[in-house]
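Trainee: I would like a close look at a single part of this model, the place where the two chains meet. Please take me through it step by step.

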Amino acid sequence: MSSQALQSPGFPPADASVADAPVADAMPRSFARQAFADTFGNWRARAGAMWIVVLAFLAVFAPFIASSHPYLAKVNGVWFSPLLEHLMPVDVVLVLVAVGALVLLPMRRLTWGQKAGLLLWGLALALPLVSWRVIYYRGWAPGKESVGPGFAYALLGLAALVDAVVLAWVPIRLRLSGKAKIVLVAVAAALTALLIRYPVDPPQTIVYERYRTLQQEGKVEWMLPAPVPFSPSDRLRDQPELRLTEPWWSAAANSPAREHRHWLGTEVNGADVLSRMIHASRIALAIGFISTGIAVVIGVVIGGIMGYFVGKVDILGMRLVEIFEAIPTLFLLITFVAFFGRNLYMMMAIIGLVSWTGHARFIRAEFLRLRNQDFVQAAIAGGLPLRSVLFRHMLPNGITPVLVAASFGVASAILAEATLSFLGLGLVDEPSWGQMLEQARTLGKFTWWIALFPGLAIFLTVFAYNLVGESFRDAIDPRIRKE
Amino acid sequence: MLSYILRRLLLVVPTLLGITLLVFFVMALSPGGTAADLMRGEAGMRPEERKARQEYLQKRYGLDKPLPAQYLRWLNSVSPVGMKESGTGFPSGWRIGLKTPDLGESFALHRPVGGLILERLPITLLLNLASLPLAYAIAIYTGIKAARHRGELVDVVSGTVLLALWSIPVIWAGVLLQGYLTNAEYLRWFPTTGLHDLQADAMTFLPSWGPRGFERGWLLDTLWHLVLPVACLSYGSIAFLSKISRGAILDTISSDYVRTARAKGVSERVVLYVHVFRNSLLPLITVLAHLLPALLAGSVVVETIFGLPGMGRLVVEAVNNRDRELVLSTTLVAGVLGLLSYLLADIGYAIADPRVSYE
């Protein structure tokens, strides 16, 4: 693959008369394609990407991999699936989106925009179907405990509005063919019917030790457990002697830890370390992507305005950038966390809010370069609205450095969350790698399995993003490509 | 040059004001606003006590005034230049002059914040100043090595290793180093926490031979305590700076004057360390500005792990105690330090690069 990528710029362009032919490898590739090929042309970036894919898989299927609830069980002659019954709305949505993405990705007839649009539409359809029971019967709202019900319900209302707009607007915008429309309607109807017939309604009180007790009493006739048969919040209330035990393979021969397959040991409260780590990958990825997304949006808007308008706006904007850069990020984060709540959504917003300056600098530099180029002048002369000039004409030509910065940004966002949790300022109940490391610090004695494995997960993830980011940067760097 | 430095100094003023504005409004716009954390202590009070306290707080922070007015009075009390008599409500007269900045009082520790920070800041600065030269020295050496062998196996491997080193989270490295190197179960090479031994006060300053054989003395004891924290704080910057210096040296090593120097028969050593190195200093100076705030942030973690009573640990304690004044002031001080490092880097750049004119 790498040799091909190296050769292709030198290839003669393909015969121009064959206009209808699909884009073949022989054609000179677009900049994006070339950059993509160059980025993943070396094994380091590929290894990094592989780890991220593994992590994404773990994050999406976490409740299927690590759960106290067995896939299938037969008790007193009755078959049932505790795992499916206990799925939370977010689990179902994640799985649906992942399956949708896997189905849509190889479809060659659809453009990337159409694929993204269809996925978005599916998400908008699935979200209310999956979550309405929890919202309606239990009064759930995002971050209700920490920001107050008023704000949480306002947020929920806003989300509903956005959802409705997406549902109505995306199908019009996509311009699908007739056949695709029929398929889409059929799939949507099937999904709706399925989710109405089998509503997502997890029980409110969860008794994790139920299956172990049943098994001990010999009432279980048949059971198919999950690969890691412990939920992240299963604190082994029935086995208090198993708190803070080593991994079974390193424990002494006569210790109780030998009999229970805790692959990476248990933590202070008795929860399985491996299970918590698998579920924590969800939070790490979510924080990484969403807070970087927020940072990129803020950075692009502010940096774009600075670079386009120059002059006074630029000077003011640069002071703003300087203010945010002068205060060490961690101090700023700590201050925000100290005065605002400590929930997941707030954390994402805060990390995004303090890390946009790099993106703004990059976009500003690019826009300063682009604003005098002919195509931008033509767009302005053509009377296009500012929004169009900035985001349709200039942004696509200046976004690449920001994409590089974003892949490093994901790494530092994950690191920021881990550090906050490590200092005891992060999430309280949800599993997070940093929070597990905190246990290793505050315990008073050194428990190597709690120190080693969660930290390793943070390191590998950060390293993977940095590898991809560096390779990507080298791929689009004209100084390096020239040589 | 002087006028450039003066103009650069003037540009600091709006940024400084911006930092205070940001810090103040983060607090003021949080749920419950300024008062929420202050009223926490009132749960068990009798009505008259509560009333007295509320009156005191209202006077101290001007809570009955609108937010901009609250901000202005807070700014007045923390700045070294301002209206005097700022302790009691709004000042009556317009007597403007120099005064001692009043950062407020810590609610948990019942001590003036300014004094607390002055007590803790030197330890943080010591950590940072110890790790910076170390990081620069190692990074320049490895950078030169990597640049000389560019494209060879050494370069590729060291590039990946450095990136890995850079990706190791300090929280992990710290916990592992502490766990494995200060632990009787594994290796007990270094002390677990703290800056001095418990008996440090009784030690002589320099190492000496006493009645009980070798005594390490106060200085060596402190250095011994500093090894792991400084290592934790500097390995990330070593990796980062090595990458920067490799790139900078690669940029200069292919220039004409280097070829000329080689053609003249100047020894490779002199070429590298005099001709090339001096001309690749600029990027290393520029990143200093970004490095210092990062090191300050890193010292929060390092101080927490190794139990060093520095400013980083102070801020974590302050957040855990919901100690409003202390959090605000430490962030403010950190911001000012960050700003100073930017200033330093800009001035250093102006001195190091005679080509750039700043008129």
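Mentor: Start with a definition: the rings of Phe, Tyr and Trp, with the six-membered ring taken for Trp, form a pair if their centres lie within 6.5 Å. By that rule, ring pairs link Trp249(A), Trp448(A), Trp449(A) and Phe453(A) into a cluster. Keep in mind that the model is predicted. Over all chains, the search of the whole structure finds 23 aromatic pairs.

One of these pairs is formed by Phe446(A) and Tyr180(B); the ring centres are 5.0 Å apart and the planes stand at 75°, so the pair is edge-to-face. This pair crosses between chains: Phe446(A) sits in the loop between H20 and H21 of chain A, and Tyr180(B) is in helix H7 (residues 170–181) of chain B. Phe446(A) has a relative accessibility of 14% and counts as buried because the cut-off is under 20%. Tyr180(B), at 27%, counts as partly exposed.

A second aromatic pair is made by Phe459(A) and Trp172(B), and it is stacked, with 5.7 Å from centre to centre and 25° between the planes. Phe459(A) belongs to helix H21 of chain A and Trp172(B) to helix H7 of chain B, so this pair also joins two chains. Phe459(A) counts as buried at 13% relative accessibility, and Trp172(B) counts as buried at 9%.

Now take the contact as a whole. Chain A puts 45 residues into it and chain B puts in 57 residues. Phe446(A) returns here: together with Phe331(A) and Phe339(A), it supplies 18% of the area that chain A buries against chain B, more than any other three residues. The area buried between chain A and chain B is about 4500 Å², and carbon and sulfur atoms give 76% of it.

Charged and polar groups also take part. Between chain A and chain B there are two salt bridges. In a salt bridge with an N to O distance of 3.7 Å, the side chain of Glu322(A) meets that of Arg8(B). Eight residue pairs are in polar contact across the interface of chain A and chain B, with both residues at pLDDT 80 or more. On the side of chain A that touches chain B, at least two residues come from each of helix H13 (311–326), helix H14 (329–339), helix H19 (400–422), helix H20 (433–442) and helix H21 (448–476). H21(A) gives the most to that side, with 12 residues. The residues of that side are 31 nonpolar, five polar and nine charged.

From chain B, consider Thr160(B), which lies in helix H6 (residues 153–167). The side chains of Thr160(B) and Arg44(A) are joined by a polar contact of 3.2 Å. Apart from residues up to four places away in sequence, Thr160(B) touches Arg44(A) and Phe463(A). Thr160(B) has a relative accessible area of 15% and is buried.

Last, look at Glu417(A), a residue of helix H19 of chain A. Glu417(A) counts as buried, at 3% relative accessibility. Its side chain is joined to that of Ser432(A) by a polar contact of 3.0 Å. With neighbours within four places in sequence left aside, Glu417(A) is in contact with Ile283(A), Ile287(A), Met347(A), Ile351(A), Leu427(A) and Ser432(A).

Technical notes:
Residues are numbered from 1 along each chain as its sequence is written. Chains are lettered from A and ligands numbered from 1 in the order in which they are written. This is a predicted model: local features need pLDDT of at least 70, side-chain atom pairs count only at pLDDT 80 or more; totals for chains, interfaces and linings use all residues. Side-chain values use heavy atoms; hydrogens and water are left out. Contact means heavy atoms within 4.5 Å. Buried area is the accessible area (1.4 Å probe) that two parts lose on being put together, summed over both. A salt bridge is a side-chain nitrogen of Lys or Arg within 4 Å of a carboxyl oxygen of Asp or Glu. A polar contact is a pair of N or O atoms within 3.5 Å; within protein, one must be able to donate a hydrogen and the other to accept it, and residues adjacent in sequence count only if both atoms are side-chain atoms. Helices (H or I, at least four residues) and strands (E, at least two) are DSSP runs, numbered from the N terminus. Ala, Val, Leu, Ile, Met, Phe, Trp, Tyr, Cys and Pro count as nonpolar, Asp, Glu, Lys and Arg as charged, and the others, Gly among them, as polar. Buried means under 20% relative accessible area, exposed over 50%, partly exposed in between (1.4 Å probe, protein chains only). Rings of Phe, Tyr and Trp (its six-membered ring) pair if their centres lie within 6.5 Å; planes under 30 degrees apart count as stacked, over 60 as edge-to-face and the rest as tilted.
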